[in-house]
Amino acid sequence: MSYLIGCDIGTTSVKSVAFDPDGNVLASFSEAYPMINPAPGQTEQDPEQIFNAVVRTIRQTRQKLARLPPPLAVSFSAAMHSLMALDRQNNALTHLLIWADRRSAKLARELRNSETGFRFYEKTGTPIHAMTPFAKLMWFKACQPELIRDAAKFVGIKEYVLLRLTGQLLCDESLASATGLLNLQHRSWDPDILGYLDLPADKLPELAPVTHCIKLPEGNLLSLPAGIPVVLGACDGCLANLGSGAISPGSMAATIGTSAAIRSCTAHIRTDKQ
């Protein structure tokens, strides 16, 4: 029997699930982890703890199906709006700042209410809000400028996990769109916004489609055979619509989890003057 493994990196836990080609669940395993609140309004997580949970849940899911051949592929879902800094050896320089982190709220509010902020929003379609990596980078620029200068890369949790597993640093276009840094028309990091942050584009991951595949290397930490495709995957919000079938223009899906969201689909880029 053939199967695929999907791994969802959520706010409070990782869950890995094996599906057969008809979508039936064959096995699953989950592992929880805490949030860290170093100061009021600050919400972080330990990226190493999350990475280890990813590895363990995929291994345990595979172990439950040890009688079967290895999976055809592995793919990932992840919560939006996370951000962390890496050094040149890909070691973490910060904890992972997650969507719930509000340390940049004042900076985001001030920019949101300006002409520059509205211009940036029109480029990206992502409202200027403390949850976004754009706002988190604004806070680093204002409060820890040496980090903007010295960090080699700024990434989200899924990019960090894939880097550790495959050696490649890629960001799927759905997660990139949620950063507040992606120009929707050109589908590239926006130079105007990066200039505002004094952030060179080479400090961000390379962009790739959600269907892009990377082959697992020899001796990978998942203990899977080399060459198995890792499909880049997407953000949890987009995948919630896809999984529930709410993907035609005008359809809508509601997600109620650690946070809540209602998302509708459109065939064209639409922004809101308000």
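This is a predicted model: local features need pLDDT of at least 70, side-chain atom pairs count only at pLDDT 80 or more; totals for chains, interfaces and linings use all residues.
Let's start with the strands. Six of them form an open sheet, and their order is β3-β2-β1-β5-β14-β13. The pairing in this sheet is mixed. At the edges sit β3 (25–32) and β13 (213–215), each of which pairs on one side only. From one strand to the next, the twist averages 20°.

One pairing is worth a look in the viewer. Strand β5 (residues 74–78) runs parallel to strand β14 (residues 229–235), and four bridges join the two.

Helix α1 lies across β1 (4–9), β2 (13–19), β3 and β5. The direction of α1 is at about 155° to β3. Helix α6 also packs on the sheet, where it touches β1, β5, β13 and β14. The angle between α6 and β5 is about 155°.

Glu48 is partly exposed, with a relative accessible area of 31%. Arg164 is partly exposed too, at 31% relative accessibility.

Arg164 has another contact to look for. Its charged end sits over the ring of Phe51, 4.0 Å from the ring centre.

In total, the model has 12 salt bridges. One of them joins Glu110 and Lys106, with 2.6 Å from N to O. Both residues lie in helix α2 (residues 105–112), four residues apart, and are therefore separated by about one helical turn. As a rule, an α-helix has 3.6 residues a turn, so residues three or four places apart point the same way. Glu110 is partly exposed at 45% relative accessibility, whereas Lys106 is exposed, with a relative accessible area of 53%.

Asp192 and Arg119 form a salt bridge as well, at 2.2 Å from N to O. This pair links distant parts of the chain, with Asp192 in helix α8 (residues 191–197) and Arg119 in helix α3 (residues 115–124), 73 residues apart. Asp192 is partly exposed, with a relative accessible area of 31%, and Arg119 is partly exposed at 38%. The two also take part in a network of salt bridges that links Arg119, Lys123, Asp190 and Asp192.

## A mostly covered helix

Is helix α4 mostly covered or mostly uncovered? Helix α4 (residues 133–143) is mostly covered, as eight of its 11 residues are buried. The buried residues are Pro133, Phe134, Ala135, Lys136, Leu137, Met138, Trp139 and Phe140.

What covers these buried residues of α4? The cover includes helices α2, α3, α5 (145–150) and α8, along with strands β7 (96–97) and β8 (153–155).

## Aromatic pairs

The structure holds six aromatic pairs. Among them is the pair of Trp139 and Phe140, which is edge-to-face, with 5.7 Å centre to centre and 65° between the planes. Both of these residues are buried. Trp139 has a charged neighbour as well: Arg103 lies over the face of Trp139, at 5.0 Å from the ring centre.

Phe140 also pairs with Phe154, this time in a tilted arrangement with 6.3 Å centre to centre and 35° between the planes. Because Phe140 lies in helix α4 and Phe154 in strand β8, the pair ties together parts that are 14 residues apart in sequence. Phe140 is buried at 2% relative accessibility, and Phe154 is buried with a relative accessible area of 1%. Elsewhere in the list of rings, Phe120, Phe134 and Tyr196 are linked into a cluster by ring pairs.

Notes. Residues are numbered from 1 along each chain as its sequence is written. Side-chain values use heavy atoms; hydrogens and water are left out. A salt bridge is a side-chain nitrogen of Lys or Arg within 4 Å of a carboxyl oxygen of Asp or Glu. Buried means under 20% relative accessible area, exposed over 50%, partly exposed in between (1.4 Å probe, protein chains only). Two strands pair if DSSP finds at least two bridges between them. Axes are lines fitted to C-alpha atoms, for helices over the stretch in contact, and angles run from 0 to 180 degrees between N-to-C directions. Contact means heavy atoms within 4.5 Å. Rings of Phe, Tyr and Trp (its six-membered ring) pair if their centres lie within 6.5 Å; planes under 30 degrees apart count as stacked, over 60 as edge-to-face and the rest as tilted. A charge sits over a ring if NZ of Lys or CZ of Arg is within 6 Å of the ring centre and within 35 degrees of the ring normal.
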